Amino acid sequence: MSNQTVKPAEGKLGIMVVGCGAVATTLMTGVLMARKGLAKPVGSMTQYDKIRVGRGAEKRYLAYGDIVPLASLDDIVFGTWDVYPQSAYQAAMYAQVLQEKDINPVRDELEQIVPMKAAFDKNYAKRLDGDNVKVNAAGKMPTRWEMVEALREDIRTFKQKNGCCRLVVIWAASTEIYVPVDLSVHGSLKDLEAAMKADDRQRVAPSMCYAYAALTEGVPFIMGAPNTTVDIPAMWELAERQRVPIAGKDFKTGQTLVKSGFAPIIGTRCLGLNGWFSTNILGNRDGLVLDEPDNFHTKEVSKLSTLETILKPEVQPDLYTDYFHKVRINYYPPRGDNKEGWDNIDIFGWMGYPMQIKINFLCRDSILAAPLALDLCLLTDLAARAGRYGTQRFLSFFLKNPMHDYTKGEEAVNNLYQQYTMLKNALREMGGYEADEEID
Ligand SMILES: NC(=O)c1ccc[n+]([C@@H]2O[C@H](COP(=O)([O-])OP(=O)(O)OC[C@H]3O[C@@H](n4cnc5c(N)ncnc54)[C@H](O)[C@@H]3O)[C@@H](O)[C@H]2O)c1
């Protein structure tokens, strides 16, 4: 059964990545290698997962691409912006995520991907000092509104030059310093636009200029870092006015993936929780930026939000009242992109007797993030073709701190299995099948 309401994925899909660092170059290299048949896109749900459609005798397990029209990897064209001018090839070599042998077969294509000048404000990432940044006619940092205009121009030029039918903009740039939501500026589109025009540098992050530019050009925007960028009513308003999907925030790759999958074990088994301490060592440029307390705070807020919506004191006061939840990230250069995460979980059981669980995840940050970024791009493009707009809650599965309308008291869904149900139901619905699973 196919749904006539989803437009086909015809022509080229431009994926414009903000930031040409470890995640971006691992994504690009993997896609280019996969379409040459030289690597497998392992970890990508859009390329591997099969879900049930229909019930009883009608039941079948289909790949996403057999349920809905997804863009093919062959039709993807990459673009990027970065503070550093190095091509995606040089950036991939610098990132040291992938070995030379896995980069060289697509070297020529990666060399063609050269970052456009970044809309950048050093106050938002003090540890970065690249000079591939936009300046205005006076040679100074552009105002926020000038940034928007220059970015809109970049998006239009990229689309036209590359003959793209559709675009998606995804933020895989450094985590910015924490911008608390201030409803006097972020609460409505009119106020946000006024703040951009007044060059309010404290409350309008450069990432907001990218998002505003994309949405105004009718292009979906995905926030892969924990920045509050599109998680504000002003951007929801813009996305709805433009009828464009938005998704965010913060790729759910390692420790939080484990947490959102493991916490339900504790909850389902009705065990109690006294505390959950999560720490990491990480030595890539992301780790360097996150070593700055203001930048780490943005990540901390994002990482801390997971447990409270899964293990709820108001539902089980005997089990989950006052548990201690702490998250740390420590910059440790020798490990590079190979992040090591430790979780110490203090639980209690029958008659309150304490026990401990230790999880030690020796992961590779960008190896986990790349397939997730690909899935977010392909599924957001699908959502746009299905006529969906505004916050795409069905993509919560991929995100550490999923967007939800907090002004209306809506809660985020963080439980991995509930998120998976939301994802499957949305795919079924877009494919013309019944969305037949309950989130319980
Ligand atoms: N890898 C993961 O597991 C993971 C998980 C969740 C979130 N993230 C987030 O994804 C982002 C990218 O991670 P990474 O490891 O690739 O980092 P990275 O430091 O390797 O790359 C980020 C790039 O963004 C560039 N940049 C910074 N500000 C910019 C701006 N305003 N415009 C354009 N470019 C800009 C930097 O110069 C840098 O090259 C980070 O925010 C990180 O927190 C990563």
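User: Is Asp250 buried or exposed?
Analyst: In this predicted model, Asp250 counts as buried, because 24 C-beta neighbours lie inside 10 Å. The cut-off for buried is 20 or more.

User: Where does Asp250 sit in the chain?
Analyst: Asp250 is placed in the loop between E8 and H12. Strand E8 covers 245-248, and helix H12 covers 255-268.

User: What about its backbone, what is phi there?
Analyst: Phi of Asp250 is near 75°. That is a positive value, in a residue that is not glycine.

User: And Lys249, where is that one?
Analyst: Lys249 is also found in the loop between E8 and H12.

User: Switching to Asp199. What is its phi?
Analyst: About 55°, which is positive although Asp199 is not a glycine. Asp199 lies in the loop between helix H9 (189-197) and helix H10 (206-216).

User: Why does Asp199 count as partly exposed?
Analyst: Because Asp199 has 14 C-beta neighbours inside 10 Å. Partly exposed falls between the limits of 12 or fewer for exposed and 20 or more for buried.

User: Now the whole protein. Which domains is it divided into?
Analyst: Domain 1 takes in 12-251 + 367-430, and domain 2 takes in 255-362. Their C-alpha centres are 26 Å apart.

User: How many residues are in contact between domain 1 and domain 2?
Analyst: On the domain 1 side there are 26, and on the domain 2 side 25.

Key:
Residues numbered from 1 in each chain as written. Predicted model: local features only at pLDDT ≥ 70, side-chain atom pairs only at ≥ 80, totals over all residues. Helix = DSSP H or I, 4+ residues; strand = E, 2+ residues; numbered from the N terminus. Domains from an automatic or database assignment. Contact = placed C-beta atoms within 7 Å.
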